[in-house]
Amino acid sequence: MTELREDVTFSQTGFAWRLALVDFLAWAIAVPLAVILRFDFTLPTSFTTWALVSGVVAGISYLLLAAVLRMYSGRYVTGTFDEVLGIAALNTVVLLVGTIFLIAQPGNLPRATFVVAGGLAGASMLTVRFLLRRFRTLRALSREGNRTLIYGAGDAGSQLANLMQADRMSRFVPMGFLDDDPRKQHLRRSNLRVLGSQDELERILNEYSVDTLVIAIAGVTSARLKEIDRICMAGGVRVQVIPTASEMVAGAIKLGDVSDLSEEDIMGRQTVHTDEEGIAAFLGGKTILITGAGGSIGSEIARQVQRYQPARMVLLDRDESSLHETQLSIDGSGLLTSDDLALCDLRDAERIHSLLHDIRPDIVFHAAALKHLPFLERSPAEAWKTNVLGTANLIAAAESAKVPHFANISTDKAANPTSVLGYSKRLTERLIAAHTSATDRWVSVRFGNVLGSRGSVVTTFRHQISNGGPVTVTHPEVRRYFMTVREAVHLVLQASVLGNNGETLVLDMGEPVRITEIAMFMIERSGREIPITYTGLRPGEKLEEVLYSEDEEALSVHHSLISHARVQPLAELPLLATVDDTTCRRTLEELATSPVATHRPR
């Protein structure tokens with residue numbers, strides 16, 4: 001589908017020359033008309049030639065100024081307040097120059113001629129533009145398509161309505177707005193009015209035969225999304241959403257970004273406000289290395305970092321296919337020829353050292369890790385080699401290359417760990433905490449389950465439901481923290497800006513959610529009868545996760561969703577005589593809690 005932004009102007013649709021002609025005629029007619037009004041609708045013969053010539057000269061002057069300022073080449077959206085100001089400014093220049101000329105050359109025309117003519121010309125120009133915009137709107141509202149209700153009459157909703165009206169190929173035909181703000185109940189925006197609040201949703205859907213509801217409130221809560229979804233599903237109305245605020249970094253809404261409401265949206269969305277200027281200053285113009293760039297977290301970090309225009313962004317992963325997918329999602333090329341793609345395993349200390357000295361990154365985002373708890377319970381040696389030694393290799397290389405900023409992605413399983421995964425990630429936090437520098441900022445960022453990541457519980461349930469079930473849950477009371485991958489990553493960027501060296505930053509992911517409730521919700525939403533089977537907690541799995549260990553306490557909070565904590569530093573790792581599962585599991589568990597160590601490989 002062709003995507004048109006709101007700033008589609010009439011110059012792009014063949015109207016530029018017509019608007020220029022309108023503006024010229026507005027001045028050419030306004031000057032003689034001003035003289036006629038001055039003399040009670042009679043144009044004295046002595047002023048006729050001067051009035052006609054002055055009108056033509058004023059019109060040409062206006063066009064020349066407008067051309068220099070690109071008034072007909074997309075500078076303003078036709079019929080908007082910005083264009084009103086632009087036209088007013090140009091008219092003021094023309095009338096001032098004309099008035100000064102009449103003062104310097106008295107007797108040619110009345111001195112107030114250009115003052116009056118400027119008002120007449122401006123009114124004519126704006127009237128034509130508003131009529132053209134009104135015509136475009138009425139044409140958009142009369143076309144065939146999905147009758148669409150926009151939830152949210154704020155700036156995002158208004159922008160969305162303008163996009164729908166401007167794009168002739170859009171499938172959306174906006175009917176009006178829904179908004180809960182009492183002050184907006186009689187508001188009109190983009191030639192559409194607010195039809196009511198969420199309490200009246202069911203009535204409005206039926207009264208206006210709505211086909212699609214688009215939620216244009218980036219910070220809408222999960223509870224509200226659930227209620228809206230329930231009402232719309234009962235009425236056969238399709239629910240779609242705009243991107244969250246974190247997804248619209250450095251960009252505006254596009255119709256192509258409007259997507260169907262998913263379980264991830266409903267259960268994981270939080271209102272995330274970040275310091276965009278601070279993040280932009282932190283990332284912009286920097287050389288950035290992202291490990292695990294082919295994974296769910298790493299690839300999302302890459303996509304979001306790219307929006308802040310780094311000088312260079314290098315993506316590192318040991319999986320070539322995953323790197324290919326990430327590159328496709330960022331630039332669409334997928335050629336794999338870029339020097340900014342690094343195929344490498346963190347276990348290869350020499351290769352990592354060589355890469356970091358070649359890249360010389362300003363910032364490292366370390367997202368590479370083995371993350372599936374059951375696998376690592378059966379293979380502790382793999383957790384030791386990848387999560388621990390791999391991180392130690394990266395830390396040693398980063399220290400040697402004098403990397404000033406390092407963000408290690410951790411997990412809530414590192415707090416009071418009981419599993420191999422938790423032990424290994426706890427060790428990565430401790431290794432980061434051991435980096436001492438007065439100027440560097442090395443941090444770990446700890447958060448819980450990420451909706452939308454590979455292997456997430458929602459992905460598993462969706463697959464099981466599509467295949468007729470059963471849906472498997474380990475325990476009726478098992479609870480987890482959840483956040484969407486995009487919002488979690490955006491908070492990672494914010495945490496990287498706020499963190500002090502050696503800190504572990506903990507993301508606030510709201511209240512933990514019972515996995516059984518997620519399963520029941522997804523089954524209900526599917527409209528199918530699917531059984532739930534309880535399989536029992538897996539080895540190393542907790543009934544409930546926590547965000548802090550017993551020996552930790554939250555430090556000062558500079559952001560409402562980010563807390564600061566300190567873990568016991570671990571400057572060295574032991575050299576294991578044998579790297580077998582039994583030895584590695586014992587070592588992981590001991591080091592996760594012990595303050596003593598002997599050696600860290602370099």
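**Rings and a sheet**

F114 is buried, at a relative accessible area of 6% (buried means under 20%, exposed over 50%, partly exposed in between, with a 1.4 Å probe and protein chains only). This is a predicted model, where local features need pLDDT of at least 70, side-chain atom pairs count only at pLDDT 80 or more, and totals for chains, interfaces and linings use all residues. Residues are numbered from 1 along each chain as its sequence is written, and side-chain values use heavy atoms, leaving out hydrogens and water.

Now for the aromatic pairs: the count is three, taking Phe, Tyr and Trp rings (the six-membered one for Trp) with centres within 6.5 Å, where planes under 30 degrees apart are stacked, over 60 edge-to-face and the rest tilted. One of them is W27 with F114, tilted at 6.4 Å centre to centre and 35° between the planes. W27 sits in helix α1 (residues 16-38) and F114 in helix α4 (residues 113-142), so the pair ties together parts 87 residues apart in sequence. Helices here are DSSP runs of H or I, at least four residues, and strands are E runs of at least two, numbered from the N terminus. W27 is buried too, at 0% relative accessibility.

Then there's the sheet. It's open, with seven strands ordered β3-β4-β2-β1-β5-β6-β7 and mixed pairing; two strands pair if DSSP finds at least two bridges between them. The edges are β3 (188-189) and β7 (259-260), each pairing on one side only. Strands β1 (residues 146-151) and β5 (residues 212-215) run parallel, joined by four bridges, and Y151 stands opposite I215 in β5.
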